[in-house]
Amino acid sequence: MGGNFVSATPDTDVTEAAMRRARLTVHVSTKLNRSHAVTGARALILPTLGRTERDLQVGPNGKSTEQFVTVEDSMGMVHASRGRLEPASTHLLSEPAIVARLARRVLGEASRTPWEEFEKDYATIRDRIARVIPGFEDFNARVAEPGGFTLPHAPRDERRFPTATGKANFTAAPVEYPALPEGRLLLQTLRSHDQYNTTIYGLDDRYRGIRNGRRVVLVNPEDAAALKLADGSYVDLVSEWKDGVERRAPGFRVVHYPTARGCAAAYYPETNVLVPLDATADTSNTPASKSVVVRLEQSATD
């Protein structure tokens, strides 16, 4: 396992170049996707159990015991997640098992962390979490309760604000937006209805009435008329940034849609290639994926 180790989903041409320079790339995956085609000098694809599949591990007593993982939602609720389906293969390992076995191989017998114990019984992992992360005390007992438990939140629970003033501090920033050159639109990337992060479950978007396809760009009908773009025509999306590099996403179907004038929208990760690595928010340094200046060019697909 020596040398560079990269495990990621490439979102830009720059990231792909970095992946290809690595000596080893490793993917822990439930299904194949395009990122598996972007590899280093050597590549591993480690299939894993999905969260919907049953996870049985042979415990210290030699008996198979059903395991579960825990998830935390955006409201700070923590609950158990158990798979109910038969695994796609008897040879599949769980993510905790894969991580534990990799750790044992890389760190060797000198590691004082009980990786083998972690693989056999996930409760032992939760015990360690309970010892070091505030809010997870008595983790195993609390997650066994119906519905799990809620992580503490001082402002919500106690009206207490851990700030220098002891009060909730509000800030206001001026509204800023890029000046659009003539004939350009401001693109935001977004998810469809049948999507979780970059995992795509279907090709229909009930939120917006899109069916059987994801390479679409939503354009205000008045903007489309000004740009002479018929509904259903095909365009390439080309982003413009101060570095002068052309970033192109080809073959997108134009959909007339009541977006704000001057704005357009398209799904990610198909449009991630349009976002320059240096285009980030001033404070958070997160990618400016909701603010990409693009021009729409007639596509060879049309």
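Buried here means under 20% relative accessible area, exposed means over 50%, and partly exposed lies in between, with a 1.4 Å probe and protein chains only. The model is predicted, so that local features need pLDDT of at least 70 and side-chain atom pairs count only at pLDDT 80 or more, while totals for chains, interfaces and linings use all residues. Residues are numbered from 1 along each chain as its sequence is written, and side-chain values use heavy atoms, with hydrogens and water left out.

**View 1. Phe-149 and its ring partner Phe-136.** Phe-149 has a relative accessible area of 7% and therefore counts as buried. Rings of Phe, Tyr and Trp (its six-membered ring) pair if their centres lie within 6.5 Å, and planes under 30 degrees apart count as stacked, over 60 as edge-to-face and the rest as tilted. The structure holds 4 aromatic pairs; in one of them, Phe-136 and Phe-149 are edge-to-face because their planes stand at 85°, with the ring centres 6.0 Å apart.

**View 2. Phe-139 against Phe-149.** These two rings also form an edge-to-face pair, at 5.8 Å centre to centre and with 85° between the planes. Phe-139 is buried, because its relative accessibility is 2%. Ring pairs join Phe-136, Phe-139 and Phe-149 into a cluster.

**View 3. Arginines over phenylalanine rings.** A charge sits over a ring if NZ of Lys or CZ of Arg is within 6 Å of the ring centre and within 35 degrees of the ring normal. The charged end of Arg-142 is placed over the ring of Phe-149, 4.0 Å from its centre, and Arg-82 lies over the face of Phe-68, at 4.4 Å from the ring centre.
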